[in-house]
Amino acid sequence: MKPDKKNMYLLAAITIFLSLLLIFTGCSPEDSDSDPDGDNSDSYETDVLVVGSGAAGLAAAITAGQEGARVILMEKLPAVGGTAVLSSGMLYAAESPVQERQGITESAGDLYDFWMNASEGKADSELVKVIADLSGDTVRWFQEDIGVEYSIHDDYGPRMHFPDQEAGDIVERLKAKADDVGVKIILGTRAKKLILSQEGEVTGVEGENASGNKVTIQAEAVILATGGFERNEKLIDEYTPLAAEGITGVSQGNSGDGLVMAREAGAEIITHNSYVGSVNDEGKAVIMSTVGGPRIDSGAHVLDMEGEFIKGLYAAGSVANGQFFYKKYPDSGSSLVYCFTMGRIAGSNAAQEIKVP
Ligand SMILES: Cc1cc2nc3c(=O)[nH]c(=O)nc-3n(C[C@H](O)[C@H](O)[C@H](O)COP(=O)(O)OP(=O)(O)OC[C@H]3O[C@@H](n4cnc5c(N)ncnc54)[C@H](O)[C@@H]3O)c2cc1C
């Protein structure tokens, strides 16, 4: 039978509409136990829940998925990418395959020294060492697993890795990889509160979707990757008064929710009244990232006031960068490599540790 042109167009239009709807919502209705109590609430259950889909969140979700965990990635905005999608995508790294290819000898030890000096020796040396040691491997991960290539240009020093793609394309590839490894992405849904067991272990998150309906996600492990608190005046006043008059171009979603949720769960908060950014001609702080958040160890475990792991709770990226940065931003590319690398660590540890009774 000869296809009817009018019907073909109609069918194509319907298909495109449905595909767009799926990309926009990121999650099909049958993925959730919708309306279990007849009160318009949604509930989900998973192994690893990642909150926030920027640099750290995407890396964490992909890695946990690669390790075989069932993963949900929840994002309060209608699209993935956070500030990462607005960035230039440069990575600062040592001992990478790109350096090897270009005949550049840069040791992880030198990078460690550079970052420790930039922090006046105040950064967490164990954490900095882990990031320096793994920075080159994060470049490799991007090349081999995500499909992003980098190069180093003489004028910018031997550690600055420039991507061959725009940040938007890099995020597209990260999202495609997340889909590939089975990560369920729930967009337009804000995490509001951690669910704690009687023993104080984190067992999930309560949130709200764009329609104002309650969303409950039970999880064996929760990774906070909510970015900084650049868009929360109250938290800026409390932790970074130096930037109180500041302006910022980061993701609209970065309002410090992760810091607040971790604080409510008993995490110790580390801040230094400093920020990553610059001062403009009018003397205003231009904030690229806040500095500070819950204390973590080098395995991305969130620690309480006694230095104990709050079981089930992990944090990665700018939400918890107070032990990596101090007063001064070391160099461009340091933030993203920290966020991606810490995201990979959090995803891997969360996936591995839920298997341990
Ligand atoms: C213009 C610009 C250029 C930059 N270029 C570079 C660069 O080239 N190299 C470099 O190293 N750094 C760069 N940076 C900094 C870098 O982009 C950020 O440090 C990095 O993206 C932070 O990653 P993240 O995952 O911690 O947070 P983000 O990427 O900001 O992602 C956080 C995500 O969490 C979501 N979220 C927040 N709260 C909730 C909640 N309650 N529930 C669900 N989701 C939530 C947010 O909506 C957001 O999507 C740049 C920054 C800017 C502004």
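Gly counts as polar, Ala and Cys as nonpolar, and Arg as charged.

A note on what I'm looking at: this is a predicted model, where local features need pLDDT of at least 70, side-chain atom pairs count only at pLDDT 80 or more, and totals for chains, interfaces and linings use all residues. Residues are numbered from 1 along each chain as its sequence is written.

Next I looked up the geometry. Two packed helices are described by the angle and the distance between their axes. The axes of helix 2 and helix 9 come within 7 Å and cross at roughly 35°, with axes as lines fitted to C-alpha atoms over the stretch in contact and angles running from 0 to 180 degrees between N-to-C directions.

Then I went to the ligand. Around the ligand sit 41 residues, and G52, G54, G82, G253 and G317 come nearest; "near" is a C-beta atom, placed from the backbone, within 6 Å. Which element gives the most to this shell? Helix 9 does, with 4 residues. By class, I noted 15 nonpolar, 22 polar and 4 charged residues in the shell.

Last, I checked V222, which touches L49, L194 and Y314, among others, not counting residues up to four places away in sequence.

Note on methods:
Helices (H or I, at least four residues) and strands (E, at least two) are DSSP runs, numbered from the N terminus. Two residues are in contact if their C-beta atoms, placed from the backbone, lie within 7 Å.
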